[in-house]
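I opened the notebook to log what I looked up here. Entries follow in the order I took them.

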Amino acid sequence: SSNMTGSAIIEVYPLPVHQNLTAPAEYCAGSPVTITLEASESDINYQLRKDNSNEGVALAGTGSALTWASMTAGEYTVVATTVDHSCVLALDDTITITENPVPVVYNFTASSLDFCNGSNVDLNLDDSEIGVDYQLKKNNADEGAVVPGTGDPLVWEDMTEGEYQVVATNADACALTMNGALTITNRPYPVDFEISAPADYCAGTDFVIDLAGSESLVNYQLI
C-alpha cells in the first residue's frame, strides 16, 4: 500500500448580497411602472427576469440603487451574478405587477361654442360606461358633482362661458380625459341705439330714418 501526499486549498467565494426589489403592485394601462432594486454591489451583474425569461440585458452593480423603467404587467424577479466567479443568487423577492384598464375615450361636444346673453349651451358626451364616473371640469376646476355612467350619452345642460373638459374615472382609480376641450364664449347682444323718423310725411316726398349709432361687426336690417 502507499500513502497519498499533497494538499489542496479550497476557496469559497461569497454569493451576492440579497437586495430588496420593489415596484407598484398595479398601474393604469398606458402608464407603465418602474422597478427598483434598493441597492447593488460593484462587480455584480443584475438580470431582471419577467415570467421566467430574461427582460433586457443585465445591469452592472454601481453600489447604489438600480431601476428598470417602463415595465408592464407580469411576474418579476432579479438574478445576481458575480463578475469574477459567476456565483449566482436568485433574489428572494418576486413582484407581480397588474395592469388595470382605463376608461373608454368618448367624444365631448357642445350644442354651440358661443351663445348670446340670456341663453346657455348644452354639453354632450356621446357615450358612457357603467361603473365609470364622469366629472365635468370648468376652467380646470370641478363643475358640479360626478355623473355615473349609464351606458348611454350624457348631457350637462345650461352651461355658461368657460373652458370645459370631462375626466372619466373607473373603479380602479384609473382616470382619462375625454376627447374634446371646449371653449364656450358669451356673445353680447348689440347695443340698443335709438331709432328716429318723422311722425308723418307728405305723399310724393321721401323721409329719412336715423339710427343714433352703430357697432362694427354688427349688421343692421330695417324691418
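Entry 1, terms. I call a residue exposed when its relative accessible area is over 50%, and buried when that value is under 20%. Partly exposed covers what falls in between. I also note that the model is predicted.

I began with a general point: most residues other than glycine have a negative phi. I then looked up Ser 70. Its phi is positive, about 60°, although Ser 70 is not a glycine. I found Ser 70 in strand S7. Buried or exposed? Ser 70 has a relative accessibility of 53%, so it counts as exposed.

I went on to Asp 43. Its phi is near 65°, again a positive value in a residue other than glycine. Asp 43 sits in the loop between S3 and S4. Asp 43 is exposed, because its relative accessible area is 52%.

Entry 3, the sheet that holds S7. I traced an open sheet of three strands, ordered S1-S3-S7, with antiparallel pairing. Why does one side of S1 and of S7 lack a neighbour in the sheet? S1 and S7 (66-71) stand at the edges with a single partner strand each, so one side of each is left without a neighbour. S3 (residues 33-37) and S7 run antiparallel and are joined by four bridges. Within that pairing I picked out Ile 35, whose bridge partner in S7 is Trp 68.

Gln 19 has a relative accessibility of 11%, so I log it as buried. I listed its contacts, leaving out residues up to four places away in sequence. Gln 19 touches Leu 37, Ala 39, Ser 40, Glu 41, Leu 91 and Asp 93.

I logged its partners in turn:
- S8 (residues 74-82) runs antiparallel to S4, with seven bridges joining them. Here Arg 49 stands opposite Thr 77.
- S6 (residues 59-60) pairs with S4 in the antiparallel sense over two bridges. Asn 45 has Ala 60 as its bridge partner in S6.
- S5 (residues 53-54) is also antiparallel to S4, over two bridges. Lys 50 stands opposite Ser 53.

S4 and S5 make a hairpin with two residues between them. In that turn I found Asp 51 with a positive phi of about 50°.

I read three strands in the order S11-S13-S17, with antiparallel pairing. S11 (108-110) and S17 (154-159) are at the edges, each with a single partner strand, so one side of each has no neighbour in the sheet. Neighbouring strands of this sheet are turned by 20° against each other on average, direction ignored. S11 and S13 (residues 121-125) pair over three bridges. Phe 108 has Leu 125 in S13 as its bridge partner.

Which residues make the nonpolar surface patch of about 700 Å²? I logged Ile 195, Tyr 201, Phe 207, Ile 209, Leu 211, Tyr 220 and Leu 222. Phe 207 lies in the loop between S21 (195-196) and S22 (210-211). Its relative accessibility is 38%, so Phe 207 counts as partly exposed.

How values were computed:
Residues numbered from 1 in each chain as written. Predicted model: local features only at pLDDT ≥ 70, side-chain atom pairs only at ≥ 80, totals over all residues. Heavy atoms only, no water. Patch = residues over 30% accessible without salt bridge, like charges linked within 9 Å, V, L, I, M, F, W, Y side chains within 5 Å. Areas by Shrake-Rupley, 256 points an atom, 1.4 Å probe, with all protein chains shown as cover. Salt bridge = Lys/Arg side-chain N within 4 Å of Asp/Glu carboxyl O. Buried < 20%, exposed > 50% of the residue type's maximum accessible area, 1.4 Å probe, protein only. Contact = heavy atoms within 4.5 Å. Pairing = 2+ DSSP bridges. Axes fitted to C-alpha atoms, helices over the stretch in contact; angles between N-to-C directions.
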